[in-house]
Amino acid sequence: MSEESGIDVYRRRFLSGTATAAALAAVPGVFLHELGHAKPADAVVTGAVRWGMLIDSNKCADGCDDCVTACNEENGLTGHGRPASDAQWIRKVRLRDRETGHTQTLPLLCQHCEHPPCVDVCPTGASFKRADGIVLVDKHICIGCRYCMMACPYKARSFIHEDLHDQKPYAPRGKGTVESCTFCVHRVDSDRTPACVEACARENHNAMVFGDLNDPDSDISRELMQYSTRQIRADLQLNTGVRYRGI
Amino acid sequence: MKPLDYREIDGGLPFYALVGAIGVFVLAGLGAAFYMEHNGHWVTGMSNQIVWGTPHVFAVFLIVAASGALNVASIGSVFGKAMYKPLARLSGLLAIALLVGGLAVLVLDLGHPDRLIVAMTYYNFKSIFAWNILLYTGFMAIVAVYLWMMMERRMNVYTKAAGMAAFIWRLVLTTGTGSIFGFLVARQAYDAAIMAPMFIIMSFSFGLAIFILVLMGLYRWSNRPLGDVVVYRLKNLLGVFVAAVLYFVIAYHITNLYGTENHGVERFLLLDGGVYTRVFWIVQIGLGSLLPLVLLYSAAGRSRLWIGVACGLVIIGGLAQMYVIIIGGQAYPMELFPGKEYSSSFYDGVVASYTPSLPEFVLGIGGVALALAATVVGTRVLRFLPVSLADEQVDPHHPVADAA
């Protein structure tokens, strides 16, 4: 018996030791497995949402450019005092009807088209559209040919004509590449709204609404359902992500 | 006709002096490119309004002329015209050289010329630009093979097949170049299917004008006989091409003028566009089209000097046409809000201003110089040029040849 018992003890020790070793060996695997299933930076980007913006030009105050200032601060856009070549991601446009003389203002930015001409023409694929509809430029493979700027019907893009300083880590830019409004993608990815929208709301103008066009219950979708809106250059059928009221 | 004898041009001091003189302009172009890249494009006349400037005028002109320069070879190989066959080798060489010159300008103007390898390894196949990268490199390869078939006696039987392939390829290539503008829906001056065939006929004209000048220049410089038969045939053909370009330009504007939506841009280009209107009427139409037609088809067309002047005018007119298309087309504001006037800090709704800067111009000239240098060096190292293009050599019906 005692002999058998000794064997049992030995067997038990062997089995438990093997199990422990196996468990220990499995830990890094489990850990890596967990890492593999952790959400990588782009895991949140799916076609389930489509980010969009509604701009009500009736609420856009003449003389206010808080959205522009907020954009410049957020994304580190500092000019060189050369307006023809300095970057602008969003600008205030003043309209005047030729027949009636009616004037209004509105902010104009990248329209984040469903069918973006800039993405079509880009030779390297640096211009791209994320699954959630945000149109971006991959600064690593942009060769600076500027064909996207020729193709954009909204003049939304800027070429970086000179050296850059004091960049924001979340909004990388590069001399010799093209850039445009990112919908503040770094904020959107952490469930915040773009800086321009926030600035407009801070002043209580509330001319800009940001949200998910695919969610019928989002504020933007409800307003789009309720009011008549339009796309700039709707004739091109680009299905822009930015819509306007009052123009 | 006697059998043709092809020889390299002579070397020695005059050759090195010529290459050195052209090389100075190549180096100046490289220097200009370095200056622009080091400082950034703000030192040029280009801006966020005029994103393509003078370098693109030269680059697109050279690329278009490159495919046109091959026409002389195509007429010989594909269409079987015996008189053009002795000219075919130079035609192929010039086609490759002009394309290299144009592409060099295009690449050196990029925001990131250092990323040329990216352009070669990342492709967006919906981009006409990406297609063109393949069309340009393919063109050089096909024309190189075509030249080999022509220059290697054993391969001569394949000359016609290679010539046909090169001819078809060049038509596709120029269609691609024209479509860079034809496909742009955003701007009023572009977005027109006629751009592709118009660029093809422009290539016929510009390429032949350069070919005639280079041919006359090289034969004069190397003291080889060049008879009137060749020169007159080529200059008469050039006249036809110049008239054909004029026809396409008229068709483009008439079509635009019919639709009210294009009245603004047409008024800008034809009537009150300032420098663009002047460049269009005076340089492109007057000096670059009508005057060469008069020179080529009047008594002046019997003079080598006036034929050379006419070719030079066609080239200047071609550059002017590119200037009006590329820069004039961007200067006219985009129609964002039809029926409304609009303005902003980003130059919306106003005609964009552009003044060509010296570095841009020097870079463009550098591309032309690179093409010429490649041609001259090519004729020195390989047998591109017949020893004689005298009338009795090239004309089967020439009385002297018959007597002999």
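Trainee: In E8(A), which residue is the bridge partner of A:Gly52?

Mentor: The model is predicted, and local features need pLDDT of at least 70, side-chain atom pairs count only at pLDDT 80 or more, while totals for chains, interfaces and linings use all residues. Residues are numbered from 1 along each chain as its sequence is written, and chains are lettered from A, and ligands numbered from 1, in the order in which they are written.

The bridge partner of A:Gly52 in E8(A) is A:Gly211. Strand E1 (residues 51-56) of chain A runs antiparallel to E8(A), and five bridges join the two. Here strands (E, at least two residues) and helices (H or I, at least four) are DSSP runs, numbered from the N terminus. Two strands pair if DSSP finds at least two bridges between them.

This pairing belongs to an open sheet of three strands in chain A, ordered E8-E1-E9, with mixed pairing. Strand E8 (208-212) and strand E9 (242-245) of chain A each have a single partner strand, so one side of each is left without a neighbour in the sheet. Direction ignored, neighbouring strands of this sheet are turned by 20° against each other on average; axes are lines fitted to C-alpha atoms, for helices over the stretch in contact, and angles run from 0 to 180 degrees between N-to-C directions. Helix H7 (residues 219-226) of chain A packs on the sheet, touching E1, E8 and E9 of chain A, and its direction makes about 110° with that of E8(A). Residues are in contact if their C-beta atoms, placed from the backbone, lie within 7 Å.

Another open sheet involves both chains: its three strands follow the order E3(A)-E2(A)-E2(B), with antiparallel pairing. Its edge strands are strand E3 (103-109) of chain A and E2 of chain B, each pairing on one side only. Strand E2 (residues 90-97) of chain A pairs with E2(B) over five bridges, and A:Arg96 has B:Glu341 as its bridge partner in E2(B). Helix H2 (residues 66-75) of chain A lies across E2 and E3 of chain A, at about 160° to E2(A).

The contact between the chains takes 44 residues from chain A and 38 residues from chain B. On the side of chain B that touches chain A, helix H5 (116-121), helix H6 (128-151) and strand E2 (340-344) of chain B are the elements that give two or more residues. The largest share, five residues, comes from E2(B).

Note on methods
Two residues are in contact if their C-beta atoms, placed from the backbone, lie within 7 Å.
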